[in-house]
Amino acid sequence: MLIKRLSLFCGLTWLLTGCQNTQAPEAPLVQNNVPAPAVVEPSPTPVSRKPEIAVALPQEVDDVWQRIRMQMQMPVSHHPKVKARIDWYLQHPNYMQVISQRAAPFLLHIVEKVEERGFPLELALIPLFESDFNIKACSSERACGLWQLTPLIAKHNDVDINWWYDGRLDVVDSTQAALAFFDYLQQRFDGNWLHALAAYNAGEGRVARAIEKNKRLGKSTEFFALDLPRETRRYVPKLLAAAALLKNAESYGMHFPPIQNQQAVTLVELPQPLDLSVVASLTGISHQQLAKLNPGHKRFPAMAKGANHLLIPADKQALFASQLDKLPPMEDYNWLKYRIRPGDSLSVIAKRYDLKIEDIKFLNQLKTNQIRAGKTLMLPLPATASAETSLASSVQYQVQQGDSLWTIARRHGVKLELLKSWNNLDNDLIAPGKILVIRQ
């Protein structure tokens with residue numbers, strides 16, 4: 001009996017053990033005609049996700065300084081010269097207050113132009129140390145404007161400089177020229193922005209020679225290893241220091257007063273030269289405001305001649321557009337460049353050319369009646385008056401040996417200044433054989 005029970009127990013044990021290694025049938029097992037409960041797979045534990053935080057685009061932030069900060073590309077430098085410049089900024093905590101006030105009308109325009117070219121936004125900080133954001137700044141080397149463009153660089157980048165207009169003092173023309181020059185320099189130096197910055201200050205030839213010299217000597221060609229003028233060795237650290245301060249303003253304790261990230265000024269196209277004093281009176285924009293935004297117009301508020309645009313306050317754009325058709329064009333003058341002679345006075349000159357003293361002072365921005373021999377005045381001769389002596393009633397005269405402009409003018413009964421004006425002469429020098437136009 002015992003043996004039978006043991007045999008039965010062993011048989012059941014073998015059967016159960018064998019079931020663990022046998023593939024389960026496709027149909028569920030049935031016990032007492034009741035289907036086995038279905039196997040329910042456990043539900044995966046839900047993964048907790050942090051709510052997505054919308055990140056503002058640079059164009060959407062409130063502060064232009066923040067817009068620059070978000071798009072910086074240059075690596076942070078810990079060079080002692082950079083640190084020394086950072087210390088200088090920190091020792092002048094009110095400096096950024098002044099800079100922000102000056103930059104407020106213009107900084108966003110500069111930032112947008114840098115963005116359009118895909119350049120490092122650090123470049124928008126260059127006027128901070130080039131000119132202290134003083135748009136009318138000029139150096140002893142005749143570099144002028146926010147970007148301190150020299151006459152040569154301005155000329156190579158199609159910036160007009162004439163009696164009426166100096167594009168170096170215009171934020172639109174000067175920014176376009178400066179960034180075009182940087183585009184050339186960064187390509188010239190294979191995308192090395194520190195070399196390009198050094199070349200902007202010292203000249204591309206000097207930087208290229210310094211690089212070649214270090215290559216010959218087996219030395220590093222990175223900026224801080226180059227043998228460059230003292231001013232240039234300080235120039236690049238100024239930018240790197242300003243960028244470092246802006247990037248880590250809180251840790252340095254440096255405050256950048258916010259500049260609103262929307263246009264404070266608007267660029268308007270001029271269909272024709274306009275009298276800016278009339279623009280001011282019809283739009284309610286003060287002379288001082290127009291002059292501050294448009295210092296490139298050198299004869300302000302006389303005329304807007306020499307550029308085809310103006311910067312006006314953004315809130316005046318609609319009013320300006322509505323009044324544009326009412327703005328009279330600049331009167332048509334034949335301008336005479338007159339060099340003041342010893343013994344001249346404003347009353348003598350005004351009487352000689354049938355002009356008003358007030359008009360001469362206004363057009364030449366003279367605050368007093370004092371004039372100095374050797375200086376130049378621009379005198380407006382009405383075109384209607386000169387039309388009577390048009391080219392149709394003119395003669396040509398070939399200069400002879402021994403002639404002078406004075407003797408030719410006297411011989412033909414015309415004024416010396418008119419003779420020079422008709423022939424676009426800036427001085428009294430003439431050569432035998434030259435053909436002069438003399439209007440009768």
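**Exercise 1.** How much space lies in the second largest cavity, and which residues line that cavity?

*Solution.* The model is predicted; local features need pLDDT of at least 70, side-chain atom pairs count only at pLDDT 80 or more, and totals for chains, interfaces and linings use all residues. Residues are numbered from 1 along each chain as its sequence is written, and side-chain values use heavy atoms, without hydrogens and water.

Step 1. Take the volume. The second largest cavity holds about 40 Å³ of space. (A cavity is a set of points on a 1 Å grid over the protein atoms alone where a 1.4 Å probe fits but cannot get out; lining residues have an atom within 4 Å of a point.)

Step 2. List the lining: Lys-337, Tyr-338, Arg-339, Thr-376, Lys-420, Leu-425 and Asp-426.

Step 3. Sort by class. The lining has 2 nonpolar, 1 polar and 4 charged residues. (Ala, Val, Leu, Ile, Met, Phe, Trp, Tyr, Cys and Pro count as nonpolar, Asp, Glu, Lys and Arg as charged, the others, Gly among them, as polar.)

**Exercise 2.** Which helix gives the most to the lining of the largest cavity?

*Solution.* Step 1. The largest cavity holds about 80 Å³.

Step 2. Helix 11 (residues 230-247) gives the most, with 4 residues. (Helices are DSSP runs, H or I, of at least four residues, numbered from the N terminus.)

Step 3. By class, this lining has 8 nonpolar, 1 polar and 2 charged residues.

**Exercise 3.** Which residues of helix 8 meet helix 9?

*Solution.* Step 1. From helix 8 come Ala-178, Phe-181, Phe-182, Leu-185 and Gln-186. (Contact means heavy atoms within 4.5 Å.)

Step 2. The contact residues divide into 9 nonpolar, 1 polar and no charged.

How values were computed: Helix = DSSP H or I, 4+ residues; strand = E, 2+ residues; numbered from the N terminus. 1 Å grid on protein atoms, 1.4 Å probe; cavity = no way out; pocket = protein on both sides within 12 Å on 5 of 7 lines; lining within 4 Å. Points joined across faces, edges and corners; volume = space filled by probe spheres on them.
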